[in-house]
Amino acid sequence: MSTSSGPSPTLFPSSDNDPAIEVKNLTTGYRGKSALQDISFSAPAGKFLGLLGPNGSGKSTLIKAMIGLLQPWEGTVRVLGRRPQEVRRRIGYMPQAEDIDWSFPATVRDVVAMGLYRRAFGMDRFRKGQEEQDRIMAALERLSVDHLAESQAGELSGGQQRRVLFARALVKEPDLFLLDEPTAGLDARSEQEMLDLLSELATNGASIVVSTHDIGCANERCDLTLFLNRRVTGYGPPELTITEKMLNRTFEGHVLVMGSGGSSLALAPHNHHEHSDAHGDHEHAQHSHALHGHDEHGFV
Ligand SMILES: Nc1ncnc2c1ncn2[C@@H]1O[C@H](COP(=O)(O)OP(=O)(O)OP(=O)(O)O)[C@@H](O)[C@H]1O
Ligand SMILES: [Mg+2]
C-alpha cells in the first residue's frame with residue numbers, strides 16, 4: 001500500500017527487502033515483571049499474521065512492543081526495517097477495546113482524524129483540508145459507519161467503536177497494521193467484512209498483525225500464526241502450527257474440539273493463566289509500567 005500521500009518525505013526509507021517485522025530475543029514486561037520472554041520471529045511484508053494465546057499470554061504486550069509503547073528489556077524489535085518509533089506514522093494501530101477510555105467528548109470524525117495527526121518539529125499538526133476530510137469519510141464508509149460521523153464516539157456500541165478504531169488505523173494508509181483483537185465483539189457479518197478488508201489490504205501489500213482468540217478464523221485467514229504463552233510456543237503457517245499438540249502446548253491442555261478441516265475449534269474452560277517464572281522486581285524496576293507515547297485515553 002502506498003504511504004506517499006503525506007506532504008513530508010519518508011525520513012527513514014527502508015528497503016523493500018526488509019522483513020516487515022523482526023523481533024530478536026525480546027524480553028519485556030511491566031513493573032519489573034516480565035510478560036514476554038525471549039521472543040524471536042521474523043515476518044515478511046504483505047503477510048497476514050495472527051497472534052494467538054490464552055489471556056495474559058502477552059499478545060497485547062507484543063503489539064505494544066511492536067509500536068514502541070513498551071521498550072525491550074533485552075533483545076530488539078524492528079518493524080519496516082526500523083525502530084518502531086521511527087516508523088510510527090507508517091503503522092496503523094488499533095488498541096484492545098479495554099485499553100480505550102471513551103469518556104472524552106469527541107465525534108467519530110474527530111477520532112478518525114486522529115489517525116492523520118502529523119508529529120513534526122515537536123508539535124502535532126493536523127491539516128484540516130478537503131483532502132483529509134475526504135479520506136476520513138472514505139475510511140468511515142469502508143467500515144460502514146459513515147452515517148455516524150457526527151455522533152459522539154463514546155455513545156456508540158462496542159462493535160461500532162471497533163469499526164471506528166479500525167477506520168482510524170485505515171485512514172493513515174499504513175504499511176503495517178497492528179490490530180489488537182479487532183473483531184472482538186463484532187457480529188458474524190461485521191467480522192467477515194472486517195476480515196475480508198484485512199485480506200484485501202494484505203493482498204495489496206500491507207502487512208497485517210492481528211491478535212485473536214478465534215483459532216478457526218486464524219486457520220482460514222492468516223498466512224502465518226504466532227502462538228504465544230509468554231514465550232513463542234509455535235510459529236509458521238496455520239497448516240503447520242494449528243495442531244492438537246501445539247494448542248495443548250499453548251493453552252496448557254485446555255483444548256479442544258476440532259471440526260472438519262480444522263475450521264471449527266473451541267477451547268475448553270480453563271483456569272486463569274498464572275505466571276510461574278516472573279522476574280523479581282529489582283533489575284527492571286526502572287521500566288515501571290509506563291507506556292511511552294500514548295495519551296491518557298489510550299490513543300497513540
Ligand atoms: N499495564 C500493565 N501493567 C502491569 N501489568 C500488565 C499491564 N498490561 C499487561 N500486564 C500483564 O502482562 C501480562 C500479559 O498481558 P497481555 O495484556 O499482553 O496479555 P494478552 O495475551 O493480550 O491477554 P488477553 O487475551 O486477555 O488480551 C499479564 O500478566 C498482564 O497482567
Ligand atoms: Mg490482549
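The entries below go from the whole chain to its parts.

**Ground rules.** I am working with a predicted model, in which local features need pLDDT of at least 70 and side-chain atom pairs count only at pLDDT 80 or more, while totals for chains, interfaces and linings use all residues. Residues are numbered from 1 along each chain as its sequence is written, and chains are lettered from A and ligands numbered from 1 in the order in which they are written.

**The chain as a whole.** I looked up the secondary structure and found eight helices and 13 strands; helices (H or I, at least four residues) and strands (E, at least two) are DSSP runs, numbered from the N terminus. Of the 300 residues, 39% count as buried, a residue being buried if 20 or more other C-beta atoms lie within 10 Å of its own, exposed if 12 or fewer, and partly exposed in between, with C-beta atoms placed from the backbone. I also noted that, among contacts between residues at least 6 apart in sequence, 68% join residues at least 24 apart; a contact requires C-beta atoms, placed from the backbone, within 7 Å.

**Around ligand 1.** Which residues of the shell are closest to ligand 1? I found 14 residues around it, the closest being Y30, A35, N55, S60 and T61, where the criterion is a C-beta atom, placed from the backbone, within 6 Å. Helix 1 (residues 59-67) gives the most to this shell, with three residues. The shell divides into two nonpolar, 10 polar and two charged residues; Ala, Val, Leu, Ile, Met, Phe, Trp, Tyr, Cys and Pro count as nonpolar, Asp, Glu, Lys and Arg as charged, and the others, Gly among them, as polar.

Next I traced a sheet of three strands, open and antiparallel, in the order 2-1-4; two strands pair if DSSP finds at least two bridges between them. Strand 2 (33-43) and strand 4 (74-79) are at the edges with a single partner strand each, so one side of each has no neighbour in the sheet. Strand 1 (residues 21-30) pairs with strand 2 over seven bridges in the antiparallel sense, and I21 stands opposite A43 in strand 2. Helix 1 packs on this sheet, touching strand 1, strand 2 and strand 4, and its direction makes about 115° with that of strand 1; axes are lines fitted to C-alpha atoms, for helices over the stretch in contact, and angles run from 0 to 180 degrees between N-to-C directions.

**Helix 4.** Is helix 4 largely enclosed or left open? I found 11 of its 13 residues buried, so helix 4 is largely enclosed by the rest of the structure. What covers these buried residues includes strand 5 (91-94), helix 2 (108-113), helix 3 (130-142), strand 8 (176-180) and helix 5 (188-203).

**Strand 8.** Five of the five residues of strand 8 are buried: L176, L178 and D180 point one way, and F177 and L179 the other way. Strand 5 runs parallel to strand 8 and is joined to it by four bridges, with Y93 opposite L178. Strand 9 (residues 207-211) also pairs with strand 8 in the parallel sense, over five bridges, and S207 is the bridge partner of L176.

**C217.** My last entry concerns C217 in helix 6 (residues 215-221), which counts as partly exposed because it has 18 C-beta neighbours inside 10 Å. Leaving aside neighbours within four places in sequence, C217 is in contact with L195 and T212.

Notes:
Contact = placed C-beta atoms within 7 Å.
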